[in-house]
Amino acid sequence: MHFFACCALLLVVVTLPTCFVQAGPIKDQCMAAAGITAQDVANRHETDDPGHSVKCFFRCFLENIGIIADNQIIPGAFDRVLGHIVTAEAVERMEATCNMIKSETTHDESCEFAWQISECYEGVKLSDVKKGQRTRNHRG
């Protein structure tokens, strides 16, 4: 079930328009900057610790789509980025749960912070996706 929730979130996040750019190119840019592949991201839950590079990929990605800045979650970011795709209940649950995660101030710890945020956001379930968006995201 956790794997399915993760896949649903990545499907939603990777296809979202964010501000003026698409998340896909941001994902590619952040993978290149972190020196990882899409397979590394896909395999992140196969071990207890996916490694510093994978965690830093998430820092880059979450910063560039406008979820985190200055080692903090931007207030209202989850709603702004995913609110048009997931239910209001999901937004409320994710913000209440994930916004409690705090970061230390060092660069290395900001990668750990981003990893913790991404893990928390993986709590989004397919049932949280608004009905009209489910079919739109599943078309080939």
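The disulfide of Cys-98 and Cys-120 is left-handed, because the torsion about its S-S bond is about -95°. It links distant parts of the chain, with Cys-98 in helix α6 and Cys-120 in helix α7, 22 residues apart; helices here are DSSP runs of H or I with at least four residues, numbered from the N terminus. Cys-98 and Cys-120 are both buried, where buried means under 20% relative accessible area and exposed over 50%, with a 1.4 Å probe and protein chains only.

A word on the source: this is a predicted model, where local features need pLDDT of at least 70 and side-chain atom pairs count only at pLDDT 80 or more, while totals for chains, interfaces and linings use all residues. Residues are numbered from 1 along each chain as its sequence is written, and side-chain values use heavy atoms, leaving out hydrogens and water.

There are three disulfides in the structure, a disulfide being a pair of cysteine sulfur atoms within 2.5 Å.

| Pair | S to S |
|---|---|
| Cys-30 and Cys-60 | 2.1 Å |
| Cys-56 and Cys-111 | 2.0 Å |
| Cys-98 and Cys-120 | 2.0 Å |

Cys-56 sits in helix α4 and Cys-111 in helix α7 (residues 107–121), so this pair ties together parts 55 residues apart in sequence. With the bonded cysteines numbered in sequence order, the pairing reads 1-3, 2-5, 4-6.

Back to helix α6 (residues 88–98): Ala-90, Val-91, Met-94, Glu-95 and Cys-98 are buried there. Seen down the axis of α6, these buried residues fall within an arc of 125°, so they line one face of the helix; the arc is taken from the directions from the helix axis to the C-beta atoms. Ala-88, Glu-89 and Glu-92, on the other side of α6, are exposed.

Technical notes: Helices (H or I, at least four residues) and strands (E, at least two) are DSSP runs, numbered from the N terminus.
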